[in-house]
Structure formats: structure tokens, C-alpha cells
Amino acid sequence: MPQPDSPSFVAGYPLRAHNTFGFDVRARFACRIEHEAQFAAAVRDPRAVGLRRLVLGGGSNLVLTGDFDGLVLLVALQGRRVIREESDAWYVEAAAGENWHAFVAWTLDHGLPGLENLALIPGTVGAAPIQNIGAYGLEMAERFASLRAVDLATGDIVEMDAAACRFGYRDSFFKQEGRDRFAIASVTFRLPKAWTPRAAYADLARQLAVQQQADAPDARAIFDAVVAVRRAKLPDPSVLGNAGSFFKNPVIDAARFAALKAREPEVVSYPQPDGSVKLAAGWLIDQCGWKGRAVGAAAVHERQALVLVNRGGATGAEVLALARAIREDVLRRFDVELEMEPVCL
Ligand code: EPU
């Protein structure tokens, strides 16, 4: 018997509209989660026993290489509110199924700045902590307070702070040990009242100058500039399937960087606080001549070599074949290994 809260299961569910690459694959079962208790009820349903599970938000960081022989939990939890005000910060909570960009816009509409650098990132609020989304000089972890997650093994609801989430560069507990075990239900952000603009990132500074807002931009000006830069460089997934950056920017130690720099003086790099150096993977790939090239219907985006796109009808396997060829070239020329950013299933 299904549990009282069990959401209805749909067999052979098409996932094309649920992954931003637009891969045309199906799930054995899918169900829509509209309130927290449905997570536990769904995984206890007799039809779900022994099946793999996939908690799906916007599917914006995902490569599906074939049909998913398991249960997909489509997170549709909604709601956003200011839950607390302290002398130095507001605490804002959003349910996991809320669209990320709409949430960022909502915070600004309510006079709550702090997330504007992360405007227009595809996906949902619940997915944001999993890979610690970041862009234009800000990572989500810097505005994170806590989250509520459902332990799918026990059905328990757990509250986790930043330390428990172990955020790193495009990384967290949920991509490592916690993988496949937790479903994020809501996230609470801490937005400091002492707001200062984050506008040093080169593309952003240039766009603010174009907008004639380079001096003392407010949060709305930064939001508009980030939207403009992203629209100019990154393909809109509703037009051209993609999952944002396909590789992480690799980090190498100082000695290896010195050797690389001696051979490749133009290499784009960002020194890290611990002495290591982050390299722009887009530059490495671009230098290998990959921009605009294709393997079948999978291609490297014309304006950003770090983004792989589905020109129409590509499969996950084709995208992975393209990624493999790129990795080999970058390794051969620069002796640097690229690591995939999206989750691959
Ligand atoms: N570059 C090239 N050729 C390219 C692409 C980039 O030469 O085809 C050079 C650029 O000229 C620039 C440098 O590489 O000097 C970095 O490029 P960009 O500013 O476009 O940023 P990125 O390092 O490629 C990262 C994030 C993006 C984020 C932007 C802005 C990662 C893996 N990617 O890209 O995040 O939007 O910075 O902060 O960290 C994502 O994670 O999905 C994502 C889009």
C-alpha cells in the first residue's frame, strides 16, 4: 500500500523538459514532491524499494547518458520569506523548488541585497548548495546560513549549517559523502545589512562602465550588469541545451604553475589564498582550438569554450565523447587535467 502522503507515481516519465541539456530520456518512475513529508513517503512506497533515486530540481547541472532506471523525485516545494531580522543581517528562507533567479529578483524587490552577483544562474534554490553556485566574484556559501534536508534513508529531517555542508569550489558534502542520500527541502540565507558592491570581476566592471554605473553601483545595477554579461556570453538553456560550465577551473600548485607559465606566458590564472593557482579552463580549451567545434550534435559554445551545448538531438554519450576529446587535448598540450562539473548519470 502507498503511504498516506505518497505522491502519485508516473511510469516511463519523459525527462527532456527536466534537464537543461534537453536529453530525450525517460525515468522508470517520477513523482512530484509538493510538501516535505512526500520525500519520505515516496521512497518508502513499495514501487520504489530497491530503486535508485534522483532528486531533481532544474536539472541544470546534469548529464543523463540514458534512461534512468529508478525513481525521480521532482522537487516542487514553493515558498520564500524573511524569517528573522538581526541587528546586522536578514535571514531569508526559500523552498528548494523555487527558481533561483526569480528568488534573487524577489530579494532585491524586497530591499534585501546580497545575492545579485548570482543572478540568472539556471536551476532551483535547492540545487544551489549542492555545487555551491558561484559567479562574478561571489559564491553562494558566503551568503549561506543553513538548510533543511530529508535523509532519504531514514525519512528524518536534518538541519545543516555551513560547516556540515563542507562547501568548496563548486563542491559540497552533497556531491561527496552525502551524494544520493539527502534531498534538500529549503535553504536559509544570511544577507548582511552592511552591503558593499562586489564589482571587481573584469567582465562585470566593464559592463558597469557601459551602464555608466561604475562608481558606487547599487545592488540593482550589479544585478542588471550580471544579467547582461551572462546573456552575452552564456547560451540560454531554453534555446540551446547546456549545463553551464562543463569543467571546473583546475587548481595547480605553485611549482607546476611556474613551469606552465614559463612555457605559456599568456595563461589566464588566479592566485589562491593558499599559494595554489586556479587556471581558466575556458582559456585552455580555447587555445586548443575547440571553440565552436562539434562531435555530432554536441558542440563547444562559440562564445565560451567552457560550455558544451546540444545543437539538437545530441545524446549524453555524444557530449561525454566531446568532453573526453577536449580533456585529452588539454592534457597533452598543458599537462593539466580537467574535471567535469556536472553530475553524470
Ligand atoms: N576565456 C577564453 N576563452 C573562452 C572562455 C574564457 O579565453 O572561450 C578566458 C576569458 O577571456 C577570461 C577567462 O578565460 O580571461 C575566464 O573566463 P570567464 O570570465 O568567462 O569565466 P570562467 O572562468 O570561464 C567561471 C565560472 C562560471 C561563472 C564565471 C563568472 C567555473 C567552472 N565557471 O567561468 O560559472 O559564471 O566564472 O564568474 O568556475 C558555471 O559554473 O556553470 C558557470 C557558468
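**View A. The side chain of N132 reaches toward the backbone of M140.** In this predicted model, the side chain of N132 comes to 3.4 Å from the backbone nitrogen of M140. To find N132 yourself, look in the loop between α2 (100–109) and β8 (134–135).

**View B. The surroundings of N132.** Is N132 buried or exposed? Its relative accessible area is 0%, so N132 is buried. Leaving aside residues up to four places away in sequence, N132 touches E139, M140, A141, F167, G168, R170 and D171.

**View C. R170, one of the residues touched by N132.** R170 sits in the loop between α3 (162–165) and β12 (182–192). Its phi angle is near 50°, which is a positive value in a residue other than glycine. R170 counts as buried because its relative accessibility is 15%, under the 20% cut-off.

View D. Now let us move to Y136, which lies in the loop between β8 and β9 (138–139). With a relative accessibility of 10%, Y136 counts as buried. A polar backbone atom of Y136 is 2.6 Å from an oxygen atom of the ligand.

**View E. Polar atoms around the ligand.** Which part of Y201 comes to 2.5 Å from an oxygen atom of the ligand? Here it is a polar side-chain atom. A305, in turn, places a backbone N or O atom 2.8 Å from a ligand oxygen. On its own the ligand has 820 Å² of accessible area, and the protein covers 84% of it.

**View F. The whole shell around the ligand.** Altogether 25 residues surround the ligand, and the closest are Y136, Y169, Y201, D286 and Q304. The shell residues divide into 11 nonpolar, six polar and eight charged. Which elements each supply at least two of the shell residues? They are β8, α5 (219–233), β13 (241–245) and α7 (281–287). Of these, α7 gives the most, with three residues.

View G. An unreviewed UniProt entry lists residues 22–194 as "domain: FAD-binding PCMH-type". Over residues 22–194, the chain is 13% helix and 37% strand. The C-alpha atoms at the ends of this stretch are 41 Å apart.

Definitions and conventions:
Residues numbered from 1 in each chain as written. Predicted model: local features only at pLDDT ≥ 70, side-chain atom pairs only at ≥ 80, totals over all residues. Heavy atoms only, no water. UniProt positions renumbered as here; feature names shortened; annotations may be inferred. Helix = DSSP H or I, 4+ residues; strand = E, 2+ residues; numbered from the N terminus. Buried < 20%, exposed > 50% of the residue type's maximum accessible area, 1.4 Å probe, protein only. Polar contact = N/O pair within 3.5 Å; in protein donor to acceptor, adjacent residues only side chain to side chain. Contact = heavy atoms within 4.5 Å. Near = heavy atom within 4 Å. Areas by Shrake-Rupley, 256 points an atom, 1.4 Å probe, with all protein chains shown as cover. Nonpolar A, V, L, I, M, F, W, Y, C, P; charged D, E, K, R; others polar.
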